[in-house]
Amino acid sequence: EELLFRHAMSLDDLCEPLSAPAHTLGLVFALNVRASALAQAGASPLASTFVQRCRLLLLHADRAQLVFAPLEFSRLCAKFLTFALPQPSGALLAVRPLLAAAAALAPTPNHITPVHALALQAAILAKTYRAALPILDATLVQIDVPRTGVTAHDVLLLHYYAGIALVGLKRHARAAQSFQLVLTAPALVLNSIIVEAYKKWTLCSLIASRAVPALPRYAATAVTRHVRSAAGAYTDLAGAFASRESAKLRRVLVQHAAVYRKDGNAGLVKQCASAFDKECIERLSRTYVTLSLQQLASAAGLGSAEQAEALLLKMAEQGELRAQVDRVRGMALFADSDGPDSDELKAGLDARLETAVALTQKLRALHDELAGDASFLAKTVTKGDRVGARAHLGPHHGADEMAVM
């Protein structure tokens, strides 16, 4: 690398005849050095040439050569995104190369790499959320630090960006699950990623399920004790939502409006307010068969009968409830929702069962891999000795072993 740094300004001529599939490793080191030289030089018209060379490398990188320089390749991907963003439509042009780079660096489709988060970030900045589906739909559960160079920070960013992309796709329930993965990751102290994930987890939970669940018991103590106080505006919003008092919710929205705008969550907060109105109407539809539009607006905290009618018709159109509006009498007529179609229910159950079986197989494979890991065995050898000692104490040693495990 020192030799390359001494000739940094002439690296373009060196890279010109090199082919990405055949010379992946050499191009990774050369372009890393070139990026450092461009960063020191500031804005330069040569940046577009660097971006184009990186793009070709990322699209056609040889997986076998990347095994020898995973960290350098990940750094190059980060530099590529940094230089690509100022270019015209830079984020959009960076999405496909970064997706290809993540696939090339990952030993299997289930491995997490540092490039996965970069690809999601590019898709979010370009607002092409569907382009992130190859990552969002993948089962990313395996971590191999020597082969990918992935860190805990990369894993947190992956799940955080995945949640944002799912929000862009209006899949709020899955987005809440992604943000919860951030909140339940091992942590000794809070960091900005955890706090921001908690804010969006709260909002997505309110939109998807009309309530904020308690954090799982396996969440880190630092998170369960301090994250609510670090996001007070969102804790207040969740409390007002749970109170079912429209006036209280409106006060909280006005009180913390500046905070929501500063955090970039104003759109999600607006959807929470809409979800609150829908939840009020759904609750009324389970209680009444007929109700005047004026009474509906008053009970739901809406401004007028016209707003109540518009929201009711929108919910009926989207299949959220069955209702009709009698405009002559100014009445809303509610009907029981149809039960799920048996064939559709069976297909849904079959799909869920297949997913569960596939997940079980992956968990078994991970268990077998962990059971043969030398570092894991070294940490648990003392515990294993205790289990072995208990095995000689009586016929209940099996229960003791399960208690230890």
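Q: Why is E196 called partly exposed?
A: E196 has 23% relative accessibility. Buried means under 20% relative accessible area, exposed means over 50%, and partly exposed is in between (1.4 Å probe, protein chains only). The 23% of E196 falls in between, so E196 counts as partly exposed. The model is predicted, with local features needing pLDDT of at least 70 and side-chain atom pairs pLDDT 80 or more, while totals for chains, interfaces and linings use all residues. Residues are numbered from 1 along each chain as its sequence is written, and side-chain values use heavy atoms, without hydrogens and water.

Q: What makes K199 and E196 a salt bridge?
A: The closest N and O atoms of K199 and E196 are 3.1 Å apart. A salt bridge needs a side-chain nitrogen of Lys or Arg within 4 Å of a carboxyl oxygen of Asp or Glu, so this pair qualifies. K199 and E196 are three residues apart in helix α13, which means that about one helical turn separates them.

Q: Is K199 buried or exposed, and how do you know?
A: K199 has 8% relative accessibility and therefore counts as buried.

Q: How do you know that D263 also belongs in a salt bridge with K199?
A: The N to O distance between the side chains of D263 and K199 is 3.3 Å, and this is within the limit, so the pair is a salt bridge. D263 has 21% relative accessibility and so counts as partly exposed.

Q: What makes D277 and R250 a salt bridge, and what does the pair tie together?
A: The side chains of D277 and R250 meet at 2.7 Å, N to O. D277 is in helix α18 and R250 is in helix α16 (residues 246-255), so parts that are 27 residues apart in sequence are tied together. D277, at 10% relative accessibility, counts as buried, while R250, with a relative accessible area of 27%, is partly exposed.

Q: Why are α13 and α18 called roughly parallel?
A: The axes of helix α13 (residues 192-209) and helix α18 (residues 266-285) cross at roughly 30° and come within 8 Å. Angles under 35 degrees count as roughly parallel, over 145 as roughly antiparallel, 65 to 115 as roughly perpendicular and the rest as oblique. The two helices are therefore roughly parallel to each other.

Q: Which residues make the contact between α13 and α18?
A: K200, L203, L206 and I207 of α13 meet L268, V269, Q271, C272 and A275 of α18, where contact means heavy atoms within 4.5 Å.

Q: How many residues of each class are in the contact of α13 with α18?
A: Seven are nonpolar, one is polar and one is charged.

Q: Why is E279 called buried?
A: E279 lies in helix α18. E279 has a relative accessible area of 10%, which is under 20%, so E279 is buried. Leaving aside neighbours within four places in sequence, E279 is in contact with R210 and R244.

Q: How many of the 405 residues of the protein chain count as buried, as a percentage?
A: The buried share is 41%.

Note on methods:
Axes fitted to C-alpha atoms, helices over the stretch in contact; angles between N-to-C directions. Helix = DSSP H or I, 4+ residues; strand = E, 2+ residues; numbered from the N terminus. Nonpolar A, V, L, I, M, F, W, Y, C, P; charged D, E, K, R; others polar.
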